[in-house]
Structure formats: C-alpha cells, structure tokens
Amino acid sequence: MMKILLGGRSPTVQAAALAATTVLLSIAVVTGSAKAGDCRGYAQQGVDWSGCKKSMLIITESELDGANLTNTDFSFTDLRGSSMKSANLEKGKLIRASFVAAQLEGANFNKVEAYRSNFARSNADRATFVNAEVQRADFREAQLTGTDFTKAELGRADFRGATITGSRFTMTNLARARLNDAVFTGPLDFRNAFLLLTRIEGLDLSKATGLEQEQINLACGDASTRLPSGLVAPAGWPCADDPDDSNDL
C-alpha cells in the first residue's frame, strides 16, 4: 500500500515530529520559569527572587525564611530586623546592605559580594560564608555559633562583642580584622588563616585549632591573650594602633 508523503514525510512521521516539538517547547517553558525569579513578588517565606535587582530598597522586618535569593542584587538595601533563616543568597551582591538584628540562622552567603555590609547584632548561627567577599563588614555583637567562614575575605571586618563558638576560619583572610572583645566560648578552626595584624588582644584562644606560631607572629595580641599549648607571644606584642582601623571610612 502506497503512503502519501507530505513535505517529504509521511503523516505518521510528521505527527510524531510535531508531538516531539511540542514536548520540547513545554520543557523549555518550564525550565525557563524555574530559572527566572518572581521579581515582582512580595517579600514572603520561600519567595523566589533569584537574579532579581533589589538594590537601594527599604524592606526592613521582611519574612524571607527559605527564600531563593541566589544572584540577587541587594546592594545598599536595608533588611534590618528581617527573618532570613535558611535563605539561599549564594553569589548575591550585598554591597553595603544592612542585616542589622536580622535572623540569619542557616542562611547561605557563599560567594557573596558583601563589601562593608552590616551584620551587627544579627543571629547568623550555622550560616555559611564560604568564599565570600566580606571585607570591612560589621559583625559586632553578632551570634556566630557554628558559622563557616572558610576561604572568606574578611580583611578589616569587625567582630567586637560577637559570640563566636565552633566556627571555621579555615584558609580565611583575616588581615587587620578586629576579633578583640569577641567572646570565644568553644573551639575554633584557624587552619591556614591569614592573620596579618589581626587584633586578638584579650582573647582566649586556648581551645583554637589549626594555629601555628607563624600566624601568631603576624597577629596583634597582648599579655592577656591566651594561646594554645606550645605557642608563645612574640616580642612585638602589643602592636601599635592602626590609623585606618575604622569601619566608618
């Protein structure tokens, strides 16, 4: 029996091709929707603002628990008092953003660009800042239990008055950071951390792990600094005051 060809194809083959094309288009639409955030959506738990521009806004006390905020631009945005527990802010742009007194437990700040951001009095227990750019950030009086700063850039960051317990500073750049007056109530990991002129006056580092004498020689402590067994205070302690040691500059 001879089949009638339409456009070089039988009706059966042509129908199959049309069905396959429809399926592929449907997949593309669904995939595209999954990748694009709802940038017009209201602040709420689980909202998807991924890739959205949310800079220079005042959205204090927002409920953003579990929100997808990957690649979101929050530069200069005021998020004070917001709840962002377990939110994913990976690769976000947070330059000079304010998270003062925010609830950030378990949030993902990995690979963020957060130069001069303000995390003062926030609760960032179990949050992660792996490979984050957080130079000159303000962590004063923050809760940082189990927080992971592995490979983070924390030059001149201010941790005065913060509670830091069981946190990781592995391979972290803490050059000129202020850890003095922080409360260390448990072990911390400083393995291969860069401690050039890091202020550690008065700290009890006796339970810290990963510290080497070479790191201590670079840091700034004083007679009240307690070091792990086997490490000694260098002759250069205490260091002179740093004229550029201010987060207001």
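A: The term pLDDT denotes the predictor's confidence in each residue, on a scale from 0 to 100. Helices (H or I, at least four residues) and strands (E, at least two) are DSSP runs, numbered from the N terminus. The model is a predicted one, in which local features need pLDDT of at least 70 and side-chain atom pairs count only at pLDDT 80 or more, whereas totals for chains, interfaces and linings use all residues. Residues are numbered from 1 along each chain as its sequence is written, and side-chain values use heavy atoms, with hydrogens and water left out.

The protein chain contains two helices and three strands, and its pattern along the sequence reads α-β-β-β-α. Its average pLDDT is 88, and 83% of the residues score at least 70. Among the elements, the lowest mean pLDDT, 43, belongs to helix 1 (residues 11–35), and the highest, 98, to strand 1 (residues 143–145). Within residues 15–34 the pLDDT is below 50, and this stretch has two contacts in the model beyond near neighbours in sequence, a contact being heavy atoms within 4.5 Å.

Across the protein chain, contacts with a separation of 6 or more include 6% that join residues 24 or more positions apart. Of the 249 residues, 46% are buried; buried means under 20% relative accessible area, exposed over 50%, and partly exposed in between (1.4 Å probe, protein chains only).

The three strands form an open sheet in the order 1-2-3, with parallel pairing. Two strands pair if DSSP finds at least two bridges between them. Strand 1 and strand 3 (183–184) are the edge strands, each pairing on one side only. Strand 2 and strand 3 run parallel and are joined by two bridges, and Ile164 stands opposite Phe184 in strand 3.

The aromatic side chains may now be taken up. A pair of aromatic rings is described by the distance of the centres and the angle of the planes. Rings of Phe, Tyr and Trp (its six-membered ring) pair if their centres lie within 6.5 Å; planes under 30 degrees apart count as stacked, over 60 as edge-to-face, and the rest as tilted. This rule gives 15 aromatic pairs. In one of them, the rings of Phe109 and Phe129 are stacked, because their centres are 4.7 Å apart and their planes stand at 5°. Both Phe109 and Phe129 lie in the loop between helix 1 and strand 1, so their pairing ties together parts that are 20 residues apart in sequence. Phe109 and Phe129 are both buried.

An edge-to-face arrangement is found for Phe139 and Phe149, with 5.7 Å from centre to centre and 90° between the planes. Since Phe139 belongs to the loop between helix 1 and strand 1 and Phe149 to the loop between strand 1 and strand 2 (163–165), this pair ties together parts that are 10 residues apart in sequence. Phe139 counts as buried because its relative accessibility is 0%, and Phe149 is likewise buried, with a relative accessible area of 0%.

Apart from neighbours within four places in sequence, its contacts include Phe109, Phe119, Phe139 and Phe149, together with Asn110, Val134, Asp148 and Ala152. Thr147 is another of the contacts of Phe129; the C-alpha atoms of Phe129 and Thr147 are 7.7 Å apart in space, although the two residues are 18 apart in sequence.
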